Amino acid sequence: EDISGSYTIRLLARTDNYGPSGNLIQCADTVENTILLINDNLQFPNVVTPNDDGINDRFVIGNLVEGLAYPINQLDIYDKWGSRVFHASNIQSADQFWDPAKTNTPAGTYFYRFSGKGYKGNLEHNGVIEVLK
């Protein structure tokens with residue numbers, strides 16, 4: 001279960017004391033802050049099967065969108081000759097990832113380069129993706 005997201009944390013402090021006169025004195029205070037939980041464990045696929053069965057149809061980097069770790073990012077995909085076949089910047093939804101079926105990309109081996117800047121630092125990742133049809 002992914003718990004990434006923005007959460008509001010509230011601390012309620014209260015004390016009850018009796019003063020020298022014997023009267024009950026109550027003091028209370030509240031402090032509130034918002035925290036951001038991120039998941040920076042990205043998962044890069046190595047196979048894409050663009051056959052419209054809803055499974056691995058696109059090159060989707062797991063936890064990139066839902067993990068919130070690298071809001072500034074760039075993804076480039078290249079063919080075996082080094083020509084760029086896909087580019088995306090600042091991916092914020094699953095439909096922004098590479099879909100080989102939409103670009104009529106043939107089966108074969110492709111290379112990708114991902115870079116991300118985030119709350120806990122930067123990430124550079126290169127890899128190979130196989131498109132099977």
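The radius of gyration here is taken over C-alpha atoms, and the globule rule is 2.2 Å times the number of residues to the power 0.38. These legends describe a predicted model, where local features need pLDDT of at least 70, side-chain atom pairs count only at pLDDT 80 or more, and totals for chains, interfaces and linings use all residues. Residues are numbered from 1 along each chain as its sequence is written, and side-chain values use heavy atoms, without hydrogens and water.

**View 1. The overall dimensions of the protein.** A compact globule of 133 residues would have a radius of gyration near 14 Å, whereas this protein has 24 Å. Its C-alpha trace spans about 85 × 30 × 20 Å along the principal axes.

**View 2. The largest nonpolar core.** Such a core is a set of buried Ala, Val, Leu, Ile, Met, Phe, Trp, Tyr and Cys residues joined through side-chain atoms within 4.5 Å; buried means under 20% relative accessible area, exposed over 50%, and partly exposed in between (1.4 Å probe, protein chains only). Among its 19 residues, Phe-59, Ile-61, Leu-64, Leu-75, Ile-77, Trp-98 and Ile-129 touch the most other members.

**View 3. Phe-59 and its surroundings.** Leaving out residues up to four places away in sequence, Phe-59 touches Pro-45, Val-48, Leu-75, Ile-77, Phe-97, Trp-98, Tyr-112 and Ile-129 (contact means heavy atoms within 4.5 Å).

**View 4. Ile-35 in its strand.** Look for Ile-35 in strand E2; strands (E, at least two residues) are DSSP runs, numbered from the N terminus. Ile-35 counts as partly exposed because its relative accessibility is 38%.

Conventions: Helices (H or I, at least four residues) and strands (E, at least two) are DSSP runs, numbered from the N terminus.
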